[in-house]
Amino acid sequence: KEYRKDLEEGMKGKGMTVFEDTPDLIRVKNAAQILNERQYKKDLETEIKGKGMDIGPDTPEIRRAKKASEIASMKEYKKDLENEIKGKGMEVSTDTLDIQRAKKASEIVSQKEYKKDLETEIIGKGMQVGPYTPEIQRVKRASEIASQKMYKDEAEKMLCNYSAVPDTPEMERIRSTQKNISSV
């Protein structure tokens, strides 16, 4: 109060206006700003929310801002990775998704190049490539023969392990019946 009284007495008579940022003026400005913010929030609640408008975490603007901050965060992370880890000579794993994707793309390109070379170098010069060439047919036939031989060898081994079943009275009766029918 004394400070204000001295200020008024010292300035009033000299024709000066007070435009300095005195502590009281700063406090008044802050109070006015807080009051304005309260008034704004009150208007927001009554004018916008009261009329059914949606202000919340799911508005497009807020989602876009969150996405932008996530992207910025990822960029900062990658920048830190490059500076902190790669810059210090540490190994970064080769199993990351980007490296795996690059390897896969390289393999696909390599396969396309191989097929292109096959068409121009072999097929283009009149050579046959396919399942019907004599060489491939000969290999298939040799494979089948080997397979049949293995099957027969296995069958012979199995016969050694088994013995013939002796004729039962029922089997003898059936054979004699068949002979009688045949002779008739």
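How many residues apart are Glu170 and Arg173 in helix H6? These two residues of helix H6 (residues 169-183) are three residues apart, which means that about one helical turn separates them. The model is predicted, so that local features need pLDDT of at least 70 and side-chain atom pairs count only at pLDDT 80 or more, whereas totals for chains, interfaces and linings use all residues. Residues are numbered from 1 along each chain as its sequence is written, and side-chain values use heavy atoms, with hydrogens and water left out.

**View 1. Overview of the protein chain.** The chain contains six helices and zero strands, where helices (H or I, at least four residues) and strands (E, at least two) are DSSP runs numbered from the N terminus. Read from the N terminus, its elements follow the order α-α-α-α-α-α. Of its 184 residues, 3% are buried, a class that means under 20% relative accessible area, with exposed meaning over 50% and partly exposed lying in between (1.4 Å probe, protein chains only).

View 2. The side chains of Glu170 and Arg173 form a salt bridge with an N to O distance of 2.3 Å, the term denoting a side-chain nitrogen of Lys or Arg within 4 Å of a carboxyl oxygen of Asp or Glu. By this rule there are four salt bridges. Glu170 is partly exposed at a relative accessible area of 42%, and Arg173 is likewise classed as partly exposed, at 47%.

View 3. Glu144 pairs with Arg141 in a salt bridge whose closest N and O atoms are 3.5 Å apart, and both residues belong to helix H5 (residues 134-161), where they are three residues apart, about one turn of the helix. Glu144 is partly exposed at 42%, as is Arg141 at 46%. In the other pair, Asp153 and Lys149 meet through their side chains at 3.5 Å, N to O, and they lie four residues apart in helix H5, again about one turn. Asp153 counts as partly exposed at 32% relative accessibility, whereas Lys149 counts as exposed at 52%.

**View 4. Negative surface patch.** Glu2, Asp6, Glu8 and Glu9 form a negative surface patch. Patches consist of residues with over 30% relative accessible area and no salt bridge, like charges being joined within 9 Å and nonpolar side chains (Val, Leu, Ile, Met, Phe, Trp, Tyr) within 5 Å. Asp and Glu count as negative, and the place of the charge is taken as CG of Asp or CD of Glu. Glu2 lies in helix H1 (residues 2-12) and is exposed, with a relative accessible area of 67%.

Technical notes. Accessible areas come from the Shrake-Rupley method with a 1.4 Å probe; for residues, only the protein chains shown count as cover.
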